[in-house]
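Hi everyone, thanks for coming along. I'd like to walk you through one model today, so let me put it up on the screen.

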Amino acid sequence: MDELLQEFISETQETLEALAGEVVAWEADPADRDRLDAIFRFFHTVKGSCGFLNLPRFERLSHAAEDVLSEIRAGTRGADPATVSAVLAVMDRIGELTEAVATGTALPNENDDFLIGQLAERQAEAAHPEAEQAPLAQPQPGAPRSAPRTIRLPLSLIDQLMNGVSDMVLARNELSRKLRERSADPELDAAFERLSSCVADMRDAISKTRMQRVDRLFAAIPRMVRDLCRDLGKRVDLTLEGGDVEMDREMVEMVVDPLTHIVRNSIDHGIETPERRRARSKPEVGQLKLAARQSGNQIVIEIADDGAGIDTRRLVDKAIGDGRLTPEAAGRMSEAEKLELIFHAGLSTAEKITAVSGRGVGMDVVRANIERIGGNIALDNHPGKGLTIILRVPLTLTIIPGLIVRAGGQHFAIPRSAVVEILHDNNEMLSVDSVGGARVATIRGVRHSMIDLEDVLGLPVLNQPGPRAIMVVRSSAGTPYALGVSAVDNHEELVIRPASPLVMATGVYAGMTLPDNGRPMLLLDAGGLAQAMDLPTIVDDRAVRDKAERANGDACEETVAALRFEEISGERRLLQLSMIERVEDIDRSQFGRSGGRAFVRLDGRLVPVVNGQHRFDTPLVTALRLRDGVSEACYPVAAVLDIVDMPVTPDMVAMHGMVSGVALIEGEHLEVVNPFALFASLPTDPISDCAVGRCILADADDGWTREILAPLLRQAGHKVAMGLPMGEQPDSGDIILCASADAGAAAELTGRPVVRLRTSPRPVGPGDASIYRYDFDGLMAAIAAAGGRRNGL
């Protein structure tokens, strides 16, 4: 019985949280039958559970509310504000009783009869007999649905699991570092990759158990706004956004109280009465908006109203009157410093003390609570027009991919998602200049504001033998800027925890982390760094130059943007930039050749390679993704150099092959690739997956063949079949791979090409034509060669 009672208490409390806002929404739209049915089902469920749990007070209250809602569903009673208030009062009492039962305390029942009387007070005098006999609406029959299987766990157990998986991530990072320091062992590396994948899956699953939608944080807001507006005689239109954003359950519970303080102050202090709003030429209905969003590893909650804002003059007068401030000191204060007075304990601008506010207790507690959990609070004040309060709170415990950077002899972390690009200061595509006392980094013709991390943090810039690293960082506002550091040392998954309030108050840190070396490290906030240095927005040099040339009336030759690149064969060429969808690095295993055509597997499709290249010396291949609106192609290159302006008509027209001529760019003669000839050379029929070839793995029972070889071949684009066909010959296009002698002997009898694999890195003798099973390049080459013999190439 104790377990049943605990289950009843938990479900009742959770449903009450969700229904508080639903009742308010139903009051605004009484015709919403779905919300009415949901509220009715709650009371019906509570009444049904009370019989065998021996909870008579619950039963009386829920039965009375159920009767009233039943009449509303039958149409014999209206959902007027008094009825809704009575239903809400009963819900509050059930919540109080639930809390009392959970804690084992007594709750006087003297008000139960009063609440039940409130429900019956507005009952219609003349009830329709046929309506009273009408049965309750029954759900429409449909396909049976199985209820989700759930289990309730204490939050402390989930915390313990999360701490455990965090330690596993740290141990995995340390193991990875030690493996990198040792000589390569393919079998050990494969085992580590499987372990790493399992840890990542476990981390993601346990992280989701702690996450909750912000809807739970917003659940009680509509009810609170409704009650406050009725008490204060105000009209407010509430808007909630970002309810689908997820944050840590513990963080949700810790933000509830500060958010409640802010919403109550917004309605009481900020939004004016309808009469005063009319006098100020404002709509009678005030606007209150709560919005949540995720920014990096922080949750941003904005509470905005269109009320009177904060009168800083009154704040200063109040502080002077209380002896907190002298008139001389007040005269030297900036507007931001005056606004900060709102966070002083005991200071309030309220004209009188009410049950809602006016005692000077609130905003100081709000800031203390937010900073205690590693967050911060900011104000955007517009006197007479409104106030926006911005809360930034961290995710209590999360694991994110990050980069380890070095500056001033110290190490810091930065989220990998915030870094767009990394270059060295000796890169030809980068130039750093000083303009008007500020530093500007020009990367491929685009100017970025630049700062050094040492300057932001007050650290010395140390001399170093090699070049410094320049990172293009995207701030929270989405504007990239250049950040200079001594070096980018490593990248790994980081366990993020809140830092101390003093550290977070600087605004340039988003938390702290513990890397695999066990030494605590601060996590940089990309947006906070930009704000600390008051960085301007990005400027495009080409647009500025073109505007200046038009203003001066300079006659210039018509040009187009082009990408300057180096071919794999060494030539430096130009290609019109509008033809290039993007530039990316592709694993060389994705390239292949079949039927005389080179191809690459991209996003599950086989895309033709225009220059026929399919074998490369480097693990990653720089490639241009080309598209003419219909066709798609891949163009592997040796290096991407920069973006330049080239004339529409080449300086020397010479149409041959895929080249349309030669252009003189910065004193260098460059061949211009002809887009027309390039796309005309593409095959008209699509490349079929079957052209890649099917690999039959003769050793079907071998664990290595099933777990390692088969997935590798599928990733390389091959179809895979396990085991030799029984009683029939393989298809003419099949290639057989075998690792054991017995399977090899059986495969030879099929007459199809056979690729033999061995476990030893060295061949047995001079006549051994087998391939070491961890020699990826050799394996792919052997399959390609067997496919060539198959096709008669």
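Let me begin with a question: how many disulfides does a search of the whole structure find? The count is zero, taking a disulfide as a pair of cysteine sulfur atoms within 2.5 Å. By buried I mean under 20% relative accessible area, with exposed being over 50% and partly exposed in between (1.4 Å probe, protein chains only).

A quick word on what you are looking at. This is a predicted model, in which local features need pLDDT of at least 70 and side-chain atom pairs count only at pLDDT 80 or more, while totals for chains, interfaces and linings use all residues. Residues are numbered from 1 along each chain as its sequence is written, and side-chain values use heavy atoms, with hydrogens and water left out.

Now to the inside. The largest nonpolar core has 44 residues, and Leu259, Val263, Leu288 and Ile301 touch the most other members. A core here is a set of buried Ala, Val, Leu, Ile, Met, Phe, Trp, Tyr and Cys residues joined through side-chain atoms within 4.5 Å. Which element gives the largest share of this core? That is α11, with seven residues. Elements that give two or more residues include α11 (249-270), β4 (286-295) and β5 (298-305). Helices (H or I, at least four residues) and strands (E, at least two) are DSSP runs, numbered from the N terminus.

On to a sheet. Five strands make an open sheet in the order β33-β32-β34-β35-β36, with parallel pairing. At the edges sit β33 (719-722) and β36 (771-772), each pairing on one side only. Two strands count as paired if DSSP finds at least two bridges between them; β32 (residues 694-697) and β33 have four, in the parallel sense. If you want a landmark, find Leu697, which stands opposite Met722 in β33.

Next, the charges. The model has 30 salt bridges, each being a side-chain nitrogen of Lys or Arg within 4 Å of a carboxyl oxygen of Asp or Glu. One of them joins the side chains of Arg235 and Glu284 at 3.3 Å, N to O. Arg235 lies in the loop between α10 and β2, and Glu284 in the loop between α12 and β4, so this pair ties together parts that are 49 residues apart in sequence. Arg235 is partly exposed at 44% relative accessibility, and Glu284 is partly exposed at 28%.

Are Arg564 and Asp642 buried or exposed? Both are buried, and their side chains meet in a salt bridge at 2.9 Å, N to O. Arg564 is in strand β20 and Asp642 in strand β28, so the pair ties together parts 78 residues apart in sequence. Another salt bridge has Glu567 and Arg573 with their closest N and O atoms 2.8 Å apart; Glu567 is buried at 5%, and Arg573 is buried at 16%. Then there is a network, where salt bridges that share partners join Glu581, Arg582, Glu584, Arg625, Arg627 and Glu632.

Last stop, the surface. Leu153, Leu157 and Leu161 form a nonpolar patch there, with about 240 Å² of accessible area together. Leu157 lies in helix α7 (residues 155-181) and is partly exposed, at 33% relative accessible area. Patches are made of residues with over 30% relative accessible area and no salt bridge, with like charges joined within 9 Å and nonpolar side chains (Val, Leu, Ile, Met, Phe, Trp, Tyr) within 5 Å. Accessible areas come from the Shrake-Rupley method with a 1.4 Å probe, and for residues only the protein chains shown count as cover.
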